[in-house]
Amino acid sequence: MRHHYWEWPIATYLFLGGLGGGIFCLASILTFFVWPTVPTVAEAFAWPCFIAILCLGFGCFLLVFELGQPLVFLRVFLKNTSIICWGARILSVCLIFGFLWFLSFIPWEWFSGIANFLAMFRGLNLALAGICGFGIMLYTGILLSSLKAHSFWATPALPVLFTISALSTACACITISVGWWPAGQNIATYEQLYLFYMTNEAINHLLHEVDIILVAAEIVVLLVMVLSFLGAGNKTANQVAKKWVIGKWAPAFWLGMVCCGLVLPELLYVFMGGTIGSSVIAPVLVLCGGLLLRFMIVYSDERAPLPGENEYYSRLKGKDALFLTRWKYGENIY
């Protein structure tokens with residue numbers, strides 16, 4: 001492998017896409033199925049969903065930037081046989097309807113006419129954004145697992161791992177930001193304030209419990225995937241697994257991803273509930289662990305060499321070869 005298949009923009013795009021999609025997916029599930037009769041639930045998700053919009057928007061920018069030819073980005077949406085094409089379409093639909101849903105909560109008086117009009121379509125907009133958000137979470141793992149030449153990616157465990165991680169990071173982000181502006185701007189009585197406060201507490205408590213399960217599941221799936229490649233994978237995947245477990249990436253894997261990104265947040269969630277450790281520190285660690293996971297997987301893009309590839313590269317001259325350094329800029333030797 002002479003260069004990385006993809007660089008940091010794709011790793012960041014996969015993280016932001018999974019995070020944004022997970023937030024919309026959880027917001028729609030809790031709004032429609034868990035507390036469908038509580039009017040302040042949807043409002044409490046306004047700011048987390050705005051963060052999701054920013055994540056998806058910046059992720060789109062990184063995707064276009066990574067193409068190398070930003071002016072022809074429309075081709076991404078037109079080639080039906082490309083997985084990136086379907087991912088870009090789903091992401092765009094989620095962005096559009098999620099943004100329209102968020103606009104319906106803007107409390108500015110001069111914007112009230114548009115907000116009131118969009119409020120009639122809140123259910124439809126959130127439902128479409130939530131469905132597309134679920135698709136984005138799956139897509140981030142399917143995108144890599146479909147590349148069969150990269151054996152460490154080509155496993156059905158990767159979409160499962162990325163989906164669990166996306167939901168976990170979404171839980172972490174929501175617990176930090178639920179109930180922020182523009183939620184609570186129309187509170188006029190103590191009863192409304194109490195209902196708003198209790199709604200935020202109920203959301204935090206439920207997502208706290210859900211993230212405990214998700215982090216535990218992520219630990220299991222991650223270790224099973226890596227250790228299975230270490231013991232029974234093909235040669236290329238085995239080399240990557242060894243690099244993660246006992247090689248040069250072992251500190252990042254064991255200390256950064258497993259200990260600080262998964263085990264420590266799990267312990268804080270379980271044993272320090274109701275403190276800053278479980279409400280702030282643990283979610284931040286989960287978010288950092290999710291980002292590190294994408295970077296390590298994207299940069300683990302080793303593949304088996306093509307026939308004759310190693311021989312070809314072995315015959316190439318080095319960068320200090322005489323014919324490469326003899327000519328000086330501006331010199332005309334003819």
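Helices (H or I, at least four residues) and strands (E, at least two) are taken here as DSSP runs, numbered from the N terminus. In that sense T140 lies in helix α7. The model is a predicted one, in which local features need pLDDT of at least 70 and side-chain atom pairs count only at pLDDT 80 or more, while totals for chains, interfaces and linings use all residues. Residues are numbered from 1 along each chain as its sequence is written, and side-chain values use heavy atoms, with hydrogens and water left out.

**The chain as a whole**

The secondary structure of the protein chain amounts to 14 helices and 0 strands, and its order along the sequence reads α-α-α-α-α-α-α-α-α-α-α-α-α-α. Of the 334 residues in the protein chain, 46% are buried, where buried means under 20% relative accessible area, exposed means over 50%, and partly exposed lies in between (1.4 Å probe, protein chains only). The accessible surface of the protein chain is about 17300 Å², and 70% of this surface belongs to carbon and sulfur atoms; such areas come from the Shrake-Rupley method with a 1.4 Å probe, and for residues only the protein chains shown count as cover. Taking contact to mean heavy atoms within 4.5 Å, one finds that 76% of the contacts between residues at least 6 apart in sequence join residues at least 24 apart.

**Helix pairs**

| Pair | Angle between axes | Distance between axes |
|---|---|---|
| α1 (residues 8-34) and α7 (residues 122-145) | about 140 degrees | 7 Å |
| α9 and α11 | roughly 150 degrees | within 9 Å |
| α11 (residues 250-271) and α12 (residues 276-298) | about 150 degrees | 8 Å |

Angles under 35 degrees count as roughly parallel, over 145 as roughly antiparallel, 65 to 115 as roughly perpendicular and the rest as oblique. The angle between α11 and α12 is about 150 degrees, which makes α11 roughly antiparallel to α12. The crossing of these two helices, α11 and α12, is left-handed, a term used if the near helix is turned anticlockwise from the far one by less than a right angle, with right-handed used if clockwise. On the α11 side the residues that meet α12 include F253, M257, L264 and Y269, and their counterparts in α12 include I281, L285, L292 and M296. The residues of this contact of α11 with α12 divide into 16 nonpolar, 5 polar and no charged, given that Ala, Val, Leu, Ile, Met, Phe, Trp, Tyr, Cys and Pro count as nonpolar, Asp, Glu, Lys and Arg as charged, and the others, Gly among them, as polar.

Helix α9 is likewise roughly antiparallel to α11, and α9 passes α11 in a left-handed crossing. Among the residues that make the contact are H208, D211, E218 and L222 of α9, together with W254, M257, E266 and V270 of α11. By class, the contact of α9 with α11 has 15 nonpolar, 1 polar and 3 charged residues.

The crossing of α1 and α7 is also left-handed, and the contact of α1 with α7 has 15 nonpolar, 10 polar and no charged residues. T140, in helix α7, counts as buried because its relative accessibility is 1%. When its neighbours within four places in sequence are left aside, T140 is in contact with L14, G18 and F162.

Helix α10 (residues 235-245) has 8 of its 11 residues buried, so it is largely enclosed by the rest of the structure. Its buried residues are T236, A237, N238, V240, A241, K243, W244 and V245, and the buried residues of α10 pack against α9 (190-232), α11 and α12. T236 itself has a relative accessible area of 13%, and its C-alpha atom is separated by 6.2 Å from that of R303, 67 residues apart along the chain.

L267 is found in helix α11 and, at 43% relative accessibility, counts as partly exposed. L267 and G277 are 10 residues apart in sequence, and their C-alpha atoms are 9.6 Å apart in space.

The peptide bond from W181 to P182 is cis, with omega near 5 degrees, and P182 has its place in the loop between α8 (157-177) and α9.

Definitions and conventions. Axes are lines fitted to C-alpha atoms, for helices over the stretch in contact, and angles run from 0 to 180 degrees between N-to-C directions.
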